[in-house]
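Please keep the sequence and the structure in view while reading.

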Amino acid sequence: MDNKLAKWWESQSNGKILCTLCPRYCTIGEGQKGFCYIRENIDNKLYSIGYGKPTGFAIDPIEKKPLSHFLPGTDVLSFGTAGCNLGCKFCQNWTMSKSKIDDINSLEATPEQVVSHAKKHGTPSIAYTYNDPTIFGEYVIDISKIARKENIKNVMVTAGYIDKEARKDVYKYIDAANVDLKAFTETFYHKLTFSHLNDILDTLIWIKNETDVWLEITTLLIPRENDSQEEIKQLSSWVVENLGENVPLHFTAFHPDFKMKDKPRTPISTLTMARNMAIKEGINYCYIGNVHSIEGQTTYCPNCNEPVIIRDWHSVLDVRLSENKCQNCRESVSGIFK
Ligand code: SF4
């Protein structure tokens with residue numbers, strides 16, 4: 001498939017191109033690629049060279065994204081591409097995110113073919129995931145537009161590092177997003193991800209307050225990097241104050257990977273501490289992930305505290321909701337359940 005002319009860029013007086021898709025704002029010379037590897041200056045025009053070259057196609061449970069309040073118990077067609085616009089030293093998906101397009105086993109698939117694939121497998125949604133879909137925004141738009149016409153929903157799994165104007169285009173046909181809030185300090189973001197906390201907080205506020213996208217948040221807890229009680233308290237309280245008590249928060253366990261092999265796995269006691277802290281700060285729906293914990297993966301009614309969606313790992317064991325109401329007390333539970 002031919003490379004796709006990119007949507008978000010400007011020519012500069014020095015002959016280079018400024019990519020305006022994410023807050024990294026790479027300046028890209030002729031024949032060069034941006035930080036994310038999949039946007040290239042060819043003959044003084046910027047091209048999305050990852051367009052139509054997906055990799056890692058899988059049918060996942062939606063709980064794996066993780067999304068707990070969006071079509072629970074359904075499957076989602078998932079894929080990513082090569083490259084990434086962040087540089088996380090702890091990347092849990094680095095074989096894709098750190099690959100260049102020629103080094104990875106990419107397929108060729110038009111947007112129509114991706115949607116047909118979802119229809120063939122009967123998945124009610126498509127997830128743009130694994131690396132950061134921000135960097136293949138043109139492909140996301142073209143697929144999600146067709147998917148919406150076919151009544152298939154669209155899910156972004158992202159770090160939320162995206163330009164304020166570009167995000168209006170990329171999220172136009174998106175129905176749900178799980179955004180990583182990787183920590184709650186600028187030091188962590190700067191040192192371990194090569195991005196900035198405030199840009200992510202801005203994206204979270206925009207998604208919640210200015211779009212209809214269903215939002216959930218994930219924080220991967222890394223021992224001695226972002227797992228202090230104080231940081232988790234601050235993060236949770238920021239979510240309640242700025243996004244509201246009904247945005248689900250997932251704390252997931254880290255495993256040593258990529259450039260962070262010197263850290264131990266996250267103990268379940270840290271995840272439980274974080275969940276308890278978030279609930280104390282007022283979060284209604286808080287989950288722990290990458291471990292087995294029926295209690296930590298079940299949704300409880302925010303009024304009567306009865307379990308309403310019982311899960312273990314990525315499996316839904318029982319649903320005790322009628323439409324979106326608790327069967328015990330009729331309280332509404334936030335989310336998109338059908
Ligand atoms: S999307 Fe890629 S090329 Fe564009 S600014 Fe971000 S990292 Fe750089």
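## An enclosed strand and its sheet

Strand E8 is largely enclosed by the rest of the structure, because five of its six residues are buried. Here, buried means under 20% relative accessible area, exposed means over 50%, and partly exposed lies in between (1.4 Å probe, protein chains only). Strands (E, at least two residues) and helices (H or I, at least four residues) are DSSP runs, numbered from the N terminus.

The model is a predicted one, in which local features need pLDDT of at least 70 and side-chain atom pairs count only at pLDDT 80 or more, while totals for chains, interfaces and linings use all residues. Residues are numbered from 1 along each chain as its sequence is written, and side-chain values use heavy atoms, with hydrogens and water left out.

E8 belongs to an open sheet of eight strands with mixed pairing, in the order E7-E8-E9-E10-E11-E12-E13-E14. Two strands pair if DSSP finds at least two bridges between them. At the edges of this sheet are strand E7 (55–61) and E14, each of which pairs on one side only. On average, neighbouring strands of the sheet are turned by 20° against each other, direction ignored. Helix H6 (residues 197–210) packs on the sheet and touches E11 and E12, and its direction makes about 160° with that of E11. Such angles run from 0 to 180 degrees between N-to-C directions, with axes that are lines fitted to C-alpha atoms, for helices over the stretch in contact.

Strands of a sheet pair through backbone hydrogen bonds, either parallel or antiparallel. How do E7 and E8 pair? E7 and E8 (residues 75–80) are antiparallel, with five bridges. In this pairing, Ala-58 has Ser-78 of E8 as its bridge partner, and Ile-59 stands opposite Leu-77 in E8. E8 and strand E9 (residues 125–128) run parallel and are joined by four bridges; here Val-76 stands opposite Ser-125 in E9.

## The three-stranded sheet

Another open sheet has three strands in the order E1-E6-E5, with antiparallel pairing. Strand E1 (4–5) and strand E5 (39–42) stand at its edges with a single partner strand each, so one side of each is left without a neighbour in the sheet. Four bridges link E5 with strand E6 (residues 45–48) in the antiparallel sense, and Asn-41 stands opposite Leu-46 in E6.

## Two residues in their surroundings

Is Leu-235 buried or exposed? Leu-235, in helix H7 (residues 229–242), has a relative accessible area of 3% and is therefore buried. Leaving aside neighbours within four places in sequence, Leu-235 is in contact (heavy atoms within 4.5 Å) with Leu-181, Ala-183, Phe-184, Thr-219 and Leu-249. Leu-235 and Ala-183 are 52 residues apart in sequence, and their C-alpha atoms are 7.7 Å apart in space.

Lys-33 lies in the loop between strand E4 (27–28) and E5. Lys-33 counts as partly exposed because its relative accessibility is 40%. With neighbours within four places in sequence left aside, Lys-33 is in contact with Ile-28, Arg-39, Glu-40 and Ile-49. From C-alpha to C-alpha, Lys-33 and Val-247 are 36 Å apart in space, and they are 214 residues apart in sequence.

## Pockets and a cavity

On a 1 Å grid over the protein atoms alone, a cavity is a set of points where a 1.4 Å probe fits but cannot get out, whereas a pocket is an open set with protein on both sides within 12 Å along at least five of seven lines; lining residues have an atom within 4 Å of a point. Grid points are joined across faces, edges and corners, and a volume is the space filled by probe spheres set on the points.

| Space | Volume | Lining residues |
|---|---|---|
| Largest pocket | about 1,100 Å³ | 41 residues |
| Second largest pocket | about 180 Å³ | 13 residues |
| Largest cavity | about 110 Å³ | 14 residues |

Closest to the centre of the largest pocket are Lys-64, Lys-65, Gln-92, Asn-93 and Asp-180. In the second largest pocket, Arg-275, Ile-279, Asn-284, Tyr-300 and Asn-305 lie nearest the centre. The structure holds one cavity of 30 Å³ or more. Nearest the centre of the largest cavity lie Cys-19, Cys-22, Cys-26, Cys-36 and Arg-39.
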